[in-house]
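Hi everyone, thanks for coming. Let me put the structure up on the screen, and then we'll walk through a few of its features together.

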Amino acid sequence: MEIECQQLKYLILNDNITPREVQTAVHQFEKQLLNQEYMVCCCERTADEAERNNGCLFLGEIEESNVYIVGRESKEFLLKNDLRDFHTGVSGVHCGVADVKTAYREAKAARIEAFLRMRHEVQYSAEQYHVAQSPPLQDNAVQRGEETIQGRPVEDRMRQIAQMIGTDRIAGALKMTEQFFSEVKWGRHSAETFEKSIGLLIDEIRQIYRNVLREKEGELLRFRNIYQFSQIDELMEELTGWMIGFHEKIDTEFDDYRNKSRMEQAVAFIQENYATDLNMAVVSNHVSMNYSLFSYAFKEYTGKNFVNYLKELRVNEAKRLLAETNLRVIEISQRVGYENDKHFMKIFKSVSGVSPTEYRKNMQMGV
């Protein structure tokens, strides 16, 4: 049975089937389900495999949908039982293996309608399907084929939504997205426009936020497979949820970037002013940060608390002056920010293990 299903999938998906291959398939399946009147059903991939003894053949997944071939008399049983909780497109009535590709295409088209209109079942009809795919005339822009949202071309709105995700206008982006989805459900926009618009939105987000997407990109790309979702509202809920999560990620990273920028300013300020009467309150005020937040962010950035960082900076500069100049210890003490030379010597020894005088002597001796 698995081999037969694979062969049928080949017939459905291959556009270059030769007459000989068709004849071979006809001969192979002449005693199977396809030799009587049958219909093809397409629904979301989460549907379970139907029982084959119910006059149904489950082909598995084809192009984001589960696909069934069911005898005409068994169709209602399948829909009311195995597929009762799903959104299913049903083809017209066909007979013979040569029609299986056409039947599949009809079912796929009807499945799209079931998805967009959130209906349990859509029976394919060439005339009805054509009407469903043609949005009503709204204004001159629509008559020219330029479908709009709130009076603006759809493409422009997708680009605007993408831009707004990373700003404090996220609520507006969500509202515009929901409005677009509603208009699709109302029949204002065709399935083709819907598919292209979602693709454009994804492309715009990837382009604008390429430096911050990282692990979120894989989550975003799954929205290209629109019909893997059961119906349009599920897609909207998942997509807007992703947008909210990504906005929060951008906010966090922006805060991290802003803190990093402030820490860079703080370190530069300390290095320029370490010789003055410097403390954490002065530096946190300089970079316009809360005292406690600055203390935490500074340690995260430098790996040291403020007191130890400043102490090590001053001692390292004192070591340079001891090794490279003949300045007295008291002068060096003042140059690195310590007015009290005895306090300086105590600090120096606690950091270096030796006094300033011993350090200079060791340097002169090449120790």
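Let's start with a strand pairing: strand β1 and strand β3 (residues 65-71) run antiparallel, with 7 bridges between them. Here, Val40 faces Ile69 of β3. A quick note before going on: this is a predicted model, where local features need pLDDT of at least 70, side-chain atom pairs count only at pLDDT 80 or more, and totals for chains, interfaces and linings use all residues. Residues are numbered from 1 along each chain as its sequence is written, and side-chain values use heavy atoms, leaving out hydrogens and water.

Strands (E, at least two residues) and helices (H or I, at least four) are DSSP runs numbered from the N terminus, and two strands pair if DSSP finds at least two bridges between them. β1 also pairs with strand β4 (residues 88-90), antiparallel over 2 bridges, where Cys41 has Val90 as its bridge partner. How buried is β1, residues 37-44? Of its 8 residues, 7 are buried, meaning under 20% relative accessible area with a 1.4 Å probe, protein chains only.

Now for the aromatics. The whole structure has 15 aromatic pairs, counting Phe, Tyr and Trp (six-membered ring) with centres within 6.5 Å; planes under 30 degrees apart are stacked, over 60 edge-to-face, and the rest tilted. One of them, Tyr209 with Phe246, is edge-to-face, at 5.3 Å centre to centre and 80 degrees between planes. Tyr209 sits in the loop between α9 (191-208) and α10 (216-221) and Phe246 in helix α11 (residues 232-273), so this pair ties together parts 37 residues apart in sequence.

Note on methods: Buried means under 20% relative accessible area, exposed over 50%, partly exposed in between (1.4 Å probe, protein chains only).
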